[in-house]
Amino acid sequence: MLRKVAIGLIALLLVALVVIYFLWPEEAPVEEPRVAEPTTSRLTTEGEYVGFMDANGARAWLGIPFAAAPIDDLRWVAPQPPASHTGIQQALTFGDACVQFANPTLRGNNATTEGVVGSEDCLYLNIWSPPNSIDAPVMFWIHGGGNSVGEAGTYNGSVIAATHKLVVVTTNYRLGLLGWFNHPDVLALSEQQSGNFGILDLIRALEWVRDNIRSFGGDPDNVTIFGESAGGYNALALMASPRAGGLFHRAISQSGSYRVRDPKVGYMLASEGGHSNSAREVVNRMLIADDLATDADEASTVQNDWSPQELSEYLKSKPASAIYATLGSSGGFGMFDFPGDFGDDIVLPNAHDVEIFSDPSNYNDVPVILGTNRDEPTLFMVQSPEFTDTVLGMFPRLKDENDYRRVVYYGAQSWKARGVDGIASVMRSGGHENVYAYRFDWDEEASSIFFDLKVALGAGHAIEIPFVFGSFSGDNMLAGFYPNDEAQFALSKSMMSYWAEFAYSGDPGRGRDSTEVEWTSFDETGYTSIILDTTSDGGIRMMDELVTHESIREELLEDRTFNDKDLYCRTFLNNLADTPAFRESDVAEIGCDHIDRAESRW
């Protein structure tokens, strides 16, 4: 008996080691110290910088300020030009990440440090350029993270820059409550009077690129903005913003969407229809924490009695950590819910995406790629105790694989309807011909005995980013999940080729070397999107699927495959309740009127 128990324990130990091997992200390799290379000396509007030789022969310049530090009196002010300097400054290290909760998307110690990390002095960008580059297309990357986490320093542009002779720029921008904050008293003292500071930072970074990128071998008249998740949203926001006109010439939104909020939601009290983390709610909590008020009512009275100057001075005197303390703690990956992306008719138009993108005169009409991943929600669901648990307290497993797949499917379809097919359709109907769409389907992660990552993660959110950059190591938090096989690198090669050709010509076509499957524009010949996948799973091919919220509604009404009825009901409500396809009569018809809508979210 003891012998059988011992054998069983050994077997479990071996399984545990397998799980740890496959599911524990690998550590970033130790980098050699960067050494300034004199031939990389470049003159900018602020002074001279020297960079270094990065991987693949690309020249690199890291941590170049594109704006003055938004600290003290410049907190919640539109970004100002950076100060000039004399002599040659070294650009060998990334600038600090912007203020955020600690999370795994960050470099080094910031990924594990508890609480608030980063710096308000964070408006820096990074540049990679191929050797002897002259007027090369520029690709300007906007990181994701819900506009509340992330940093430019976790992305290395050397591979795609050197491979396709592109100049790649990655940039920081203010995040969370420091990037989006529209208290009327604070804005009253600003010339800009817009709380969209994160978008203004991106516009300022593009202005810096326009004025300086030729010194780094780039063409300021051929700039492609591209970003993922919140970065994809921000790319579309820049298309919608009149302030960004002429600063870029193509756009790529990876897993993005576009929707603005009424500015009132960002500053009114929750009891008056504002967000729970609106500017006035945040200030109320700060006043109570500082013993300047005993409760919310008294805090509101203090706010109303103070002059704009008094309130602004109070807020700008507080450390960033005190502002973030009003939030309690963060959610998944350090992100949190806050009001932002205000339709203030200053930086962003106060209009629905259909109204904006159906008329090219309403937005910056440039060639655009829109795309999503086939299994978008998995990155967030795989860590949720609602959908996963453990075997023997250590081995992760899906509670119900069938229902997990169904929730993932409908969530991804909704993402595609909202961020790709819906926008592409209205653009095409308005006469925009250079609209291209994709769906990323790669799902060949390494897996363990109990946990099939091809199902649990699959073609999840953010999985495609390393394929675009051609780099699967370094600070990528998902690095340990890639098998690093020939099929993976072949798909990456094709995707880099498409992205590069789009940067050159505004049409991904057959890729940079004209050998790829032809990627035609949205609904040009009856096809809508290109599927990006390895040969063993069907390869790269065009498809004719068009997803709308109405098509999702019809499919859900007929769906009888869920094991858990309540989960089916919540899936119905979560994907349709806020869309034009929603009908109140459906809820009773499918037997879901017992679900509490306020508690139905995942």
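Author: Let's start with Ala 503, which sits in helix α17 (residues 486-505). Helices here are DSSP runs of H or I with at least four residues, strands are E runs of at least two, and both are numbered from the N terminus. The model is predicted, so local features need pLDDT of at least 70 and side-chain atom pairs 80 or more, while totals for chains, interfaces and linings use all residues. Residues count from 1 along each chain as its sequence is written, and side-chain values use heavy atoms, without hydrogens or water.

Ala 503 is buried because its relative accessibility is 0% (buried is under 20%, exposed over 50%, partly exposed in between, with a 1.4 Å probe and protein chains only). Leaving aside residues up to four places away in sequence, Ala 503 touches Pro 137, Met 139, Leu 166, Asn 222, Thr 224 and Arg 250, contact being heavy atoms within 4.5 Å.

Now the helix pair. The axes of α18 (residues 549-558) and α19 (residues 565-576) come within 10 Å and cross at roughly 170°; axes are lines fitted to C-alpha atoms, for helices over the stretch in contact, with angles from 0 to 180 degrees between N-to-C directions. That makes α18 roughly antiparallel to α19 (over 145 degrees; under 35 is roughly parallel, 65 to 115 roughly perpendicular, the rest oblique). On the α18 side, His 549, Ile 552, Arg 553, Leu 556 and Leu 557 meet Tyr 568, Thr 571, Phe 572, Asn 575 and Leu 576 of α19. Besides α19, the buried residues of α18 pack against α14 (401-429) and α20 (584-589).
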